[in-house]
Amino acid sequence: MNLVRIDPAMLIPLAPVLILVAVLIGWSLVQIVRAPVRHLPKWAWALVVVLVVPLGAVIYLIGGRARGQELRDEDLH
């Protein structure tokens, strides 16, 4: 089996990018839960965001967010 060996020191410069991608995915998932969406059901948008990293979150932000009033915390109770 041919395993690719990656020096951990090479991953340090990528840490900010990985953190930004994680924040983008987390923020997108929270927005999917809290706000209305369009074109796909919420579960489908969540699946796209999680499986197509990071392009899925960008696609959701461009095409999946519905315009309109966002839900407030009081609306969820």
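1. His39 sits in the loop between helix 2 and helix 3. His39 counts as exposed because its relative accessibility is 66%. The terms work like this: buried means under 20% relative accessible area, exposed means over 50%, and partly exposed is in between (1.4 Å probe, protein chains only). His39 also has a phi near 75°, a positive value in a residue other than glycine. Most residues other than glycine have a negative phi.

2. A word on the source. This is a predicted model, where local features need pLDDT of at least 70, side-chain atom pairs count only at pLDDT 80 or more, and totals for chains, interfaces and linings use all residues. Residues are numbered from 1 along each chain as its sequence is written, and side-chain values use heavy atoms, with hydrogens and water left out.

3. Now the overall plan. The chain has 4 helices and 0 strands. Its pattern along the sequence is α-α-α-α. Helices (H or I, at least four residues) and strands (E, at least two) are DSSP runs, numbered from the N terminus. Of the 77 residues in the chain, 16% are buried. Contact means heavy atoms within 4.5 Å. Among contacts in the chain with a separation of 6 or more, 60% come from residues 24 or more positions apart.

4. How do helix 2 and helix 3 run relative to each other? Helix 2 covers residues 15-34 and helix 3 covers residues 42-51; their axes come within 10 Å and cross at roughly 175°. The two helices are therefore roughly antiparallel. Axes are lines fitted to C-alpha atoms, for helices over the stretch in contact, and angles run from 0 to 180 degrees between N-to-C directions. Angles under 35 degrees count as roughly parallel, over 145 as roughly antiparallel, 65 to 115 as roughly perpendicular and the rest as oblique.

5. Look at who meets whom. From helix 2, Ile25, Ser28, Leu29, Ile32 and Val33 meet Lys42, Trp45, Ala46, Val49 and Val50 of helix 3. By class, this contact has 8 nonpolar, 1 polar and 1 charged residues. Here Ala, Val, Leu, Ile, Met, Phe, Trp, Tyr, Cys and Pro count as nonpolar, Asp, Glu, Lys and Arg as charged, and the others, Gly among them, as polar.

6. Helix 3 also packs with helix 4 (residues 55-64), at about 140° and with the axes 7 Å apart. Trp45, Val48 and Val49 in helix 3 meet Gly56, Ala57, Ile59, Tyr60, Gly63 and Gly64 in helix 4. That contact has 6 nonpolar, 3 polar and no charged residues.

7. Which residues of helix 3 are buried? They are Ala44, Trp45 and Val49. They lie on the same side of helix 3, because they cover an arc of only 135° around the axis. The arc is that of the directions from the helix axis to the C-beta atoms. Their cover includes helix 2 and helix 4. The face turned away from the buried side carries the exposed Trp43 and Leu51.

8. Check the loop between helix 3 and helix 4, where Pro54 is found. The peptide bond from Val53 to Pro54 is cis, with omega near -15°. Most peptide bonds are trans.

9. Finally, the record. The unreviewed UniProt entry annotates residues 12-30 and 42-62 as "transmembrane region". Such annotations may be inferred rather than shown by experiment. In the model, residues 12-30 are 84% helix, and residues 42-62 are 86% helix.
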